[in-house]
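Student: I have a model open on my screen and would like to learn how to read it. Can we go through it together?

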Amino acid sequence: MLGTIEEFLKKIYAAIAVIEGVFAAIFSPLWAWLRDIWGYIGPSRFSALTVLIGFVLLVFTPQGRELAYGVGDENPAIVFTLFWISVNWLALQSWYWARIALPIGRYSPQGAAAGSAPPISFWAGWVPRIYALIAYAAAAISLLLAGKTGPALLMIGNAAFALFGMYARRRLIEEGFFGRSPTFKHIAHVEPGQNTGDGYASLPPLSRAILVISVLVALVALAAVSIWPIGIGQTFGAAAIAFFAFGNLVPIGSYLVRSSQKAGFPIVFTLILVAVAFSPFNDNHHITLVDGDDGGTAQRLGTEQALDKWLAANNVADGDTVPLVLVSTAGGGIRAAYWTATVLGALQDACPAFTSRTFSISGVSGGSVGTAVFAANAANTKIDPAAACTSEWAPYLGKGEASTMSRGVLSKDFLGPTLAAMLFPDLVQRFLPYPFLPDRGRTLADSWAEAWAETCREQDRCTAGNGAADRLNQNFLSFAPWREDAWRPALLLNGTHEETGKRIITSHIRIDREVFFDAFDAIDVLQSDVALKTAALNSARFTYVSPAGLLVNKAGQNRGHVLDGGYFENYGAVTTSEILQKAAEVLAARNVKVRPILIQITSDPKLRVSDEPIPATGFLPADYVSTAKLANEVAGPIRGILATRAARGVLASKTNMEMTRFINDPAVDFPNIADPVFAHFELCSGPGQNEPPLGWSISKRTRAEITRILVRQ
């Protein structure tokens, strides 16, 4: 029996040995080849990482493709020239510093004469060229995907010319044309990845000069962006800024990697640890408070008092049934801002009484930005509550003052300035112990204010001395509805309190627990008013592009951070639901009659039918197929958290819709409410159309498609 078992085990061991041999025969050469390749990629890893990140972001993300759509929208010759220079800057830097990091040869041939040149390794020559080609490919492919064939072909020709130059240079080295120049010194018996440098002093003179020039260029760019972030960002454009900034990082990072080899410890990793250690002390993202608020914080009204003001402004007490409009507008970066401002502007142009009839607008993220622009425009407009409305509102699109002004403001490039501030002063600030460099969030808000002023002047809407050009810089509470002769909507701009996960709302109305069940009042937390642009920013702190805002009140107390409102609920519908419930209570007590009109504005073109605020026939659609397959063990919880923020908004919006149906049910008696309406303005995208992405840059092509969509409503 034991002999049989022993024989069986021997056969198993023999089979395992055969399998091991097969695997070794197949994978050992492959592993040796990969290890050999890494010997060339490892020393030049900073170039590799930089160009690969740029390629992925520009080619494989909707935001990157939108940048390519926008190249040349304004001043095409200048913008494309700057883009071309920036692409070449990154390609040149990634190629050159990868070449410096690698030895010319891998081995000297056996028996070679002393001082003879070693053979040039294939990978030592081609790895640096591949890095440069990746930079050119990112630009060319993104331009091709954007339909810009001419510029893409020019970039391809540029890449071919550069490749030929690099190859010709290598051939001249092989032929000994450069002799024993120290720039291309021969290294004998060098293994791939072996340290051959001793830091800055060991660099050839040309490389030292290029490194010094690159650092000087980066310092000049840092100073220029710190002083003029908006002008530089919009002149270069976001795509050129990204290539140029990455091109500045390559020589500095490559030198740090080389110095790490000399010092024997990871300098780059140590710098990351330094940034983490400094992070509690160098937060430069303080929310800007206003010096004085003209008593606005003390004069704020509660929801019930504000409803009484609205009733009086609209003469509801005379027995007529007047529309009570409550608007919720969802987040979605610049597409949400543009869509929100376009819809609200068109409604205002078609119905001059729309502003007076609208009690409140609850905004989130980009929806809050569009709302702020609409509110600033309303402050420039004379309101007539008795003006008649037209049912044909589409002809007003692009012709009426409100829609023209709002769309003009939000057609500017806001990503360029923000990206410039993020990749220059804000990046450097992370490695400094004290906050003094400019905040990219403030740059984003300032770019909105400057776009408003510029559009105001272009459209001749500004009169000297009336403050119209400075609307977004004015105090948020100066736009309170009860501070004007006619009613203008009360704004409720929703953010998320990072430390608790609750809503923190910047509003003209006091945020009290009687109406808003579980939310913080941003004005009370800060003990101060803020500018209109800052109120919008605190709702639109879009992930990483705009940083979390530091809530330090007037007493100097740290009250936490504010994040994008979409973290809690991306539709703004929860806040509107709370107002609607209070309004029903107040109307019953006042014995007046209104017609509630709930408007939901969303800008996500991928919104599923089951997510729309309309009656659904089932729970999960029968044709629904999950795409969440890759690395779900790790990515699943993250996907779930991100999906939940949108799902909360969908639920709240559907709840509002169901409330209007319930109120309208003949079996239910609501004598103070007549014929309630729920309207959903959804940004759709048909086959072959460009889907507007999240972000802070919107191309001319995307703006035109949004206009066509709204005209079809």
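**Core, strands and a helix**

Tutor: Let's start with Phe83, which touches Val71, Ala139, Leu143, Met155, Ala239, Ala240 and Phe243, leaving aside residues up to four places away in sequence; contact here means heavy atoms within 4.5 Å. Bear in mind that this is a predicted model, where local features need pLDDT of at least 70, side-chain atom pairs count only at pLDDT 80 or more, and totals for chains, interfaces and linings use all residues. Residues are numbered from 1 along each chain as its sequence is written, and side-chain values use heavy atoms, with hydrogens and water left out.

Student: Which residues touch the most other members of the largest nonpolar core?

Tutor: In soluble globular proteins, nonpolar side chains tend to be buried together. A nonpolar core is a set of buried Ala, Val, Leu, Ile, Met, Phe, Trp, Tyr and Cys residues joined through side-chain atoms within 4.5 Å; buried means under 20% relative accessible area, exposed over 50%, and partly exposed in between, using a 1.4 Å probe and protein chains only. Here the largest core has 117 residues, and Phe83, Phe354, Leu410, Trp448, Ile599 and Trp696 touch the most other members. Helix H4 (residues 76–101) gives this core its largest share, twelve residues. There is also a second, separate core of 31 residues, with Ile505, Phe516, Ala519 and Met657 among them.

Student: How many residues of strand E1 are buried?

Tutor: First, the labels: helices (H or I, at least four residues) and strands (E, at least two) are DSSP runs, numbered from the N terminus. In E1 (residues 322–329), seven of the eight residues are buried.

Student: And how many bridges join E1 to E2?

Tutor: Two strands pair if DSSP finds at least two bridges between them. E1 and E2 run parallel and are joined by five bridges, with Ser328 partnered by Ser362 in E2. E1 also pairs with E8 (residues 594–602) in the parallel sense, over eight bridges; there, Pro323 has Arg595 as its bridge partner.

Student: Which residues of helix H2 are buried?

Tutor: An α-helix has 3.6 residues a turn, so residues three or four places apart point the same way. In H2, the buried residues are Ser47, Ala48, Thr50, Val51, Gly54, Phe55, Leu58 and Val59.

Student: What about positive phi, is Ser365 buried or exposed?

Tutor: Ser365 has a phi near 55 degrees, positive though the residue is not a glycine, and is buried at 1% relative accessible area. Gln527 also has a positive phi, about 55 degrees, but is partly exposed at 41%.
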